[in-house]
Amino acid sequence: MSQNKYCPICDSQELQIVTIAETFTNRAGEEIKMDNYEYTLCSECDLEFVTAKQARHNEEEYAKGSPR
Ligand SMILES: [Zn+2]
């Protein structure tokens, strides 16, 4: 998807993109369900982190999500 991705902890390039359904609670206490929350998982040190690109993606998904 995108180049030059390294784990910020161990500099590994063994990174997996993980997409999951995730539910967040917003400031109003409402649950926001996201079908495609995306993050990166380092296979070396198991760090989970969100890249800037994924953060934007997640913001869009979050905006699409509706309170249930
Ligand atoms: Zn790592």
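Trainee: In which segment does Cys7 lie?

Mentor: Cys7 lies in the segment before strand 1, where strands are DSSP runs of E with at least two residues, helices are DSSP runs of H or I with at least four, and both are numbered from the N terminus. Residues are numbered from 1 along each chain as its sequence is written. The model is predicted, and for that reason local features need pLDDT of at least 70, side-chain atom pairs count only at pLDDT 80 or more, and totals for chains, interfaces and linings use all residues. The mean pLDDT (the predictor's confidence in each residue, from 0 to 100) is 90 for the protein chain, and 90% of its residues reach 70 or more.

Cys7 counts as partly exposed because it has 19 C-beta neighbours inside 10 Å; a residue with 20 or more other C-beta atoms within 10 Å of its own would be buried, one with 12 or fewer exposed, and one in between is partly exposed, with C-beta atoms placed from the backbone. Leaving aside residues up to four places away in sequence, Cys7 touches Ser12, Leu15, Cys42, Glu44, Cys45 and Leu47, a contact being two C-beta atoms, placed from the backbone, that lie within 7 Å. Although Cys7 and Leu41 are 34 residues apart in sequence, their C-alpha atoms are 8.5 Å apart in space.

Some of these residues lead us into the sheet. Two of the residues that Cys7 touches are Leu15 and Cys42, and Cys42, in strand 2, is the bridge partner of Leu15. Leu41, for its part, stands opposite Glu48 in strand 3, while Thr40 stands opposite Phe49 in that strand.

Strand 1 and strand 2 pair in the antiparallel sense over ten bridges, and strand 2 (residues 31–42) pairs with strand 3, also in the antiparallel sense, over two bridges; pairing requires that DSSP finds at least two bridges between the strands. Together, the three strands form an open sheet in the order 1-2-3. Strand 1 (15–25) and strand 3 (48–49) stand at the edges with a single partner strand each, so one side of each is left without a neighbour in the sheet. Between strand 2 and strand 3, which form a hairpin, there are five residues, and Asp46 in the turn has a positive phi of about 65 degrees.
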